[in-house]
Amino acid sequence: MDSPVVGKDAGAADEKRLAVAVDCAELGVWDADLVNNTCYYSPSWKRMLGYGADELRDHPDLWLDFVHPDDRDRALASGDSHLGGQSQSVECEFRLRHRSGRWIWVLDRGKVVARDAAGRPTRMIGIQTDITTQKEAAARLALLNQRIELALDASGIGLWSFEIETGRTFWDARMREIYGLGDGPEEVPQGTWHGRLHPDDAEAAEAAASALLAEGTPVRMTYRIVRPDGAVRHVFALSRLVRQPHQPPLVVGSIWDVSEQVEVSNRLAAEKERLRVILRSIGDAVIATDAEDAITFANPAAERLLLTGQADLLGQKTADVLPLRQEQTGLRLPPAAPLACAERRTMERDEPAVFERRDGERRIMRDIASPLYDPAGEVMGTVLIVQDVTRERARQRELAHLARHDGLTDLLNRSAFDKALACAIEDPAKRAGLALLYIDLDRFKMVNDTAGHAAGDSLLKLVAKAMLAVLPTDAQVARLGGDEFAVLMEASGPDAAYRAGRDIVRAVGAQQLAWGGGSHGVGASIGIVLLADAQADPLTALSLADAACYASKSRGRNKVSLHDPAGSAVPGGFAEVRAASELLQALKENRLTLYGQEIRDLSDPTRRSRRIEVLARLAGTDGELIMPGTFIPAAERFDLMGAFDRSVIRRSLDLLAHLGPAREMPVLSINLSAMSLSDPDLWSFVEAQLSETGQPAQRLCFEITETAAVNNFAVAERFVRDARRAGCRVSLDDFGAGLSSFGYLRRFPVDCIKIDGAFVQDVAKNGLDQAICAAVGTIAAELGVEVVAERVADAQAVELLRARGIGFGQSFYLHRPEPLADLLSASGSTKALRARTPRKLKPVTDRG
């Protein structure tokens, strides 16, 4: 028997065995001499990093040369903690750079193995183990878990398990959410699932669960549950029995909340039934075909249209049962052509087609063909909707006629005549040979007042027939409205046009209406304009003819007046026509000039104000200033105030936009005419201008006169409501000038009242005027609105008004109007705009 190894030989053997074990286990050993500051690294440690035993020189910080920068501090801290006595050993995971350039994970473990007499560590030994494979496996497992969790979260699936032997049930958080249980432990009390089953579905669900436990039959079914809050939800359940070696049997399952899908399915079923009923109920014929154009469905309307039952229609070609006359259609897809060969879009005939039915009756049809697709996107047929538009086409012809003709006289209406006149004026060659006649009946109001409107209507019909009888057949005759007519006809010269006018006068005068035991007749006053002499503008031509007609009435009625380009034929009305024409031209050429007059605070009337009323002027072609008294009456008569007011609004906002930021926001007061207040699109225009110029609505105040607002109350009320809601102010101008001032004020919400100047200009001398101003001030205070007094004459008037509660004033005494651009900015920020103001302007001497 060999003797046991003892002493040094035994120690050497132990070290050899340890070295072999370490090498076989591929463990990297390090041995640090803390006294001499040296460190030994085993060949297996170097091999772990891809190096040979002699390729790396041992030194204390060799391992730090290979540590990942992100792990260095953590690795050092682990050793320092142990050396400082805060931990029993060194234990840390970090990455080392392999010779190949990749990083390997190691588990570093070690501890102090020797100390000196003072207890200071002198030697430390450790082992580094390559754990890269474990780390990568853990990372893959974590990623897999994240994917599973993401899939479960995205699908909304709840998971559960049931231990058959213990009777314990476990639900995950999603299961609890689906059942409306809220947060809680995974283990749920027995009976939870059974207690939440809908009474109508409980029997079937529990039977499936019993079969699963008894026979292992997997469960795959949908049933309803009732949440604690009473909400009913539809769930789809999958569950199975799992048997594993040496493990007790386990039931696992999953739950989806499919309530939305069930609701969608129910809605689709209801929609399908609804569509079926609709198809059977609608009046349009609906025909479905397959890809070969064979009929597969026809609704009752199609049966009635084709005079054929559905049983006889099935399988037939649409071209055989619906023989439309192709030469009368712009059909993009002939019915006989298979739809699969056509473009994939709905197709409609350009024009309705004629269809001759089996009974010989001809009908006008319109059809629309829409393709049907299978799940793969291939055309599987078509749906053809056929509408019988015979009556509709007849009605369209009637409506087209009514759209162009007066419903009473069957003459052209105003719209159709305006288009005809505009078309004629646009063609210089055609215009040269045409005359425009403007006809206004005389004494027609007397017929309406004495015999009634029915008699007046009958007389208008007689007059229309009489005019048609004496005019050429190609003359275009229109009723413009009321008792006003117009004629556009060929005329070789003024004499021919004058003769036509005289013929109309005689024909109209010859008409007598027998009504109510009496006889009624009218006359006609006519104004004529030769389009060769008129400006190329339909509105101007009509205005000139109207002025000539006015001259006929001024000469005693039943007369014909011919417009003279020199102006001599219409002495009474041509001035207004010229003024209206000048206004139109000035607006087109941007010759509108704006002045401004400040509205002063009477508590300090010498202080400049940022509240300004906008005053409009026109600059003539010669640079002279045209005052409102010249062009406003003409603008009102010829319906130009709407365009004029819009120009003022646009120009005012343009000036504000060029002003730029201001310390005190100026507020411009703009007067609105009755015509503008009657325009339902006025506020849309104001909004568009505010948006285009970037100005806040708070910079505008609209002044409306009492009379204008009352005459157009419904439209004005809507405008005021929209304007105030947006932030604009509204002022009631000339208050007291009408008969219903106070009653009207009760109905109409405004921000400010302007007392008519007639009650203010002599207020210092007239006690009644003082009482009226005081009454207005009291009422305004009760309503919470401001008061502005117009035509404040002097300092005494200022004191009297202020004492009676009037806060603001406006007059030449307080501020004389000046160009609005200068008034808005004395700094020159509107220099470019002022440069466009016409020169040679006379001083302003009125407030209008």
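Biologist: Is Leu 307 buried, partly exposed or exposed in this model?

Modeller: The model is a predicted one. A residue counts as buried under 20% relative accessible area and as exposed over 50%, with partly exposed in between. Leu 307 has a relative accessible area of 36%, so it is partly exposed.

Biologist: Where is Leu 307 found?

Modeller: Leu 307 lies in the loop between α9 (300-306) and α10 (310-313).

Biologist: What is the phi of Leu 307?

Modeller: The general idea comes first. Most residues other than glycine have a negative phi. In the present case, the phi of Leu 307 is near 55°, a positive value in a residue other than glycine.

Biologist: Is Asp 293 buried or exposed?

Modeller: The relative accessible area of Asp 293 is 6%, so this residue is buried.

Biologist: How many residues lie between the two strands of the hairpin that β12 and β13 form?

Modeller: Four residues lie between β12 and β13 in this hairpin, and Asp 293 is in the turn. Three bridges join β12 to strand β13 (residues 295-298), and the two strands run antiparallel. As a point of reference, Ile 287 stands opposite Ala 298 in β13.

Biologist: Which other strand is joined to β12, and by how many bridges?

Modeller: Strand β17 (residues 379-388) is joined to β12 by six bridges, and this pair runs antiparallel. Here Asp 290 stands opposite Gly 381 in β17.

Biologist: How many residues of strand β12 are buried?

Modeller: Strand β12 (residues 285-290) has six residues, of which five are buried; the strand is mostly covered.

Biologist: How many bridges join β3 to strand β4?

Modeller: Eight bridges join β3 to strand β4 (residues 103-115), and these strands run antiparallel. Within this pair, Glu 91 is opposite Arg 109 in β4.

Biologist: What is the order of the strands in the open sheet of six strands?

Modeller: The order is β8-β7-β6-β11-β10-β9, and the pairing is antiparallel. The edge strands of this sheet are β8 (187-188) and β9 (219-226), each pairing on one side only. Two bridges join strand β7 (residues 169-171) to β8, and the two run antiparallel. In this pair, Phe 170 stands opposite Glu 187 in β8.

Biologist: Which strands does helix α7 lie across?

Modeller: Helix α7 (residues 202-215) lies across β6 (157-163), β9, β10 (232-242) and β11 (250-257), and runs at about 140° to β9. Helix α8 (residues 259-281) also packs on the sheet, where it touches β10 and β11; its direction makes about 120° with that of β10.

Biologist: Let us turn to pairs of helices. At what angle do α16 and α17 pack?

Modeller: Helix α16 (residues 453-470) and helix α17 (residues 494-509) pack at an angle of about 140°, and their axes are 9 Å apart. That makes α16 oblique to α17. Their crossing is right-handed.

Biologist: Which residues of α16 and α17 meet?

Modeller: From α16, Val 463, Ala 466, Met 467 and Val 470 meet Asp 503, Ile 504, Ala 507 and Val 508 of α17. The residues of this contact divide into seven nonpolar, no polar and one charged.

Biologist: At what angle do the axes of α21 and α23 cross?

Modeller: The axes of helix α21 (residues 641-659) and helix α23 (residues 682-693) cross at roughly 20° and come within 10 Å. An angle under 35 degrees counts as roughly parallel. Helices α21 and α23 are therefore roughly parallel to each other. The crossing of α21 with α23 is right-handed.

Biologist: How do the residues of the contact of α21 with α23 divide?

Modeller: Among the residues that meet are Arg 646 and Leu 653 in α21, and Phe 685 and Gln 689 in α23. The contact comprises seven nonpolar, two polar and three charged residues.

Note on methods: Residues are numbered from 1 along each chain as its sequence is written. This is a predicted model: local features need pLDDT of at least 70, side-chain atom pairs count only at pLDDT 80 or more; totals for chains, interfaces and linings use all residues. Side-chain values use heavy atoms; hydrogens and water are left out. Axes are lines fitted to C-alpha atoms, for helices over the stretch in contact, and angles run from 0 to 180 degrees between N-to-C directions. Angles under 35 degrees count as roughly parallel, over 145 as roughly antiparallel, 65 to 115 as roughly perpendicular and the rest as oblique. A crossing is left-handed if the near helix is turned anticlockwise from the far one by less than a right angle, and right-handed if clockwise. Contact means heavy atoms within 4.5 Å. Ala, Val, Leu, Ile, Met, Phe, Trp, Tyr, Cys and Pro count as nonpolar, Asp, Glu, Lys and Arg as charged, and the others, Gly among them, as polar. Buried means under 20% relative accessible area, exposed over 50%, partly exposed in between (1.4 Å probe, protein chains only). Two strands pair if DSSP finds at least two bridges between them.
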